Amino acid sequence: DGLADRRDELAKFRSAAAGLEIETVTDLGGLVPYRETAFEGFGIPVAAAKLFLTESLLALPGVICLLGRIDGAPACTSMLIQTGTVAGIYWVATHERFRGRGLGAAMTAAAAEAGLPYGAELASLQASRMGRPVYQRMGFETVGTYVDFRRAT
């Protein structure tokens with residue numbers, strides 16, 4: 001099945017996240033809470049966020065940043081980077097206080113759906129240990145793994 005064939009299934013993941021409002025980030029006013037939420041969700045120092053998630057990135061063709069809010073508060077993020085027919089899904093993060101509500105699946109589905117108007121036929125992502133079970137429930141399949149090298153302490 002192609003991504004377009006799974007549109008209804010993706011919509012179900014979005015609608016299952018009660019109270020979630022998803023907005024497309026278009027400027028610095030939206031980018032600041034986006035990057036803070038993404039970095040807090042990953043447990044990365046927020047001070048570094050402005051080096052990675054920039055207005056220049058936001059302006060690139062095929063890049064769409066999505067910010068999810070619960071009761072107006074920034075809660076979760078995802079990003080689409082469209083490359084040819086592939087919807088690349090990045091920065092799927094949920095702030096710790098909002099976890100366990102299906103927001104990661106909803107934001108993943110929203111990023112995949114955002115690729116459809118650009119001709120996306122499939123979605124691709126890299127799963128963390130925390131995200132892997134979510135993506136498996138959504139129907140993503142593991143096609144490869146990375147070796148993680150860390151400095152001995």
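Helices (H or I, at least four residues) and strands (E, at least two) are DSSP runs numbered from the N terminus. In those terms, Gly2 is found in the segment before H1. The model described here is a predicted one.

**The sheet**

Five strands make up an open sheet in the order E1-E2-E3-E4-E5, and their pairing is mixed. E1 and strand E5 (122-125) stand at the edges with a single partner strand each, so one side of each is left without a neighbour in the sheet. From one strand to the next, the twist averages 30°.

Strand E2 (residues 63-70) is mostly covered, with eight of its eight residues buried. This holds for both of its faces: Val63, Cys65, Leu67 and Arg69 are buried on one side, and Ile64, Leu66, Gly68 and Ile70 are buried on the other. Strand E1 (residues 20-25) runs antiparallel to E2 and is joined to it by six bridges.

E3 has eight of its 11 residues buried, so it is largely enclosed by the rest of the structure. E3 also pairs with E4 in the antiparallel sense, over seven bridges. These two strands form a hairpin as well, with two residues between them. Gly84 in that turn has a positive phi of about 60°.

| Residue | Bridge partner | Strand of the partner |
|---|---|---|
| Cys65 | Met79 | E3 |
| Gly68 | Cys76 | E3 |
| Thr77 | Ala93 | E4 |

**Helices on the sheet**

Helix H2 (residues 28-42) lies across E1, E2, E3 and strand E4 (86-94), and runs at about 75° to E4. Helix H5 (residues 103-115) packs on the sheet too, touching E1, E2, E3, E4 and E5. The direction of H5 makes about 35° with that of E3.

Thr108 is found in helix H5. Its relative accessibility is 1%, so Thr108 counts as buried. Beyond its neighbours within four places in sequence, Thr108 is in contact with Ile89, Val92, Leu125, Tyr135, Met138 and Phe140.

**H1 against H5**

Two packed helices are described by the angle between their axes and the distance between the axes. For helix H1 (residues 7-15) and H5, the axes come within 7 Å and cross at roughly 140°. This crossing is left-handed. On the H1 side the contact is made by Arg7, Leu10, Ala11, Phe13 and Arg14; on the H5 side it is made by Ala105, Ala106, Ala109, Ala110, Ala112 and Glu113. By class, the contact has eight nonpolar, no polar and three charged residues.

Glu113, one of the H5 residues in this contact, has 15% relative accessibility and therefore counts as buried, the cut-off being under 20%. Leaving aside neighbours within four places in sequence, Glu113 is in contact with Arg7, Leu10, Ala11 and Arg14.

Gly2, in the segment before H1, counts as partly exposed because its relative accessibility is 24%. Gly2 and Ala123 are 121 residues apart in sequence, while their C-alpha atoms are 9.1 Å apart in space.

Gln126 has its place in the loop between E5 and helix H6 (132-138). With a relative accessibility of 55%, Gln126 counts as exposed. Its side chain makes a polar contact with the side chain of Tyr146, at 3.1 Å. The C-alpha atoms of Gln126 and Ala4 are separated by 21 Å, and these two residues lie 122 apart along the chain.

Definitions and conventions
Residues numbered from 1 in each chain as written. Predicted model: local features only at pLDDT ≥ 70, side-chain atom pairs only at ≥ 80, totals over all residues. Heavy atoms only, no water. Buried < 20%, exposed > 50% of the residue type's maximum accessible area, 1.4 Å probe, protein only. Pairing = 2+ DSSP bridges. Axes fitted to C-alpha atoms, helices over the stretch in contact; angles between N-to-C directions. Contact = heavy atoms within 4.5 Å. Left-handed = near helix turned anticlockwise from the far one by under 90°. Nonpolar A, V, L, I, M, F, W, Y, C, P; charged D, E, K, R; others polar. Polar contact = N/O pair within 3.5 Å; in protein donor to acceptor, adjacent residues only side chain to side chain.
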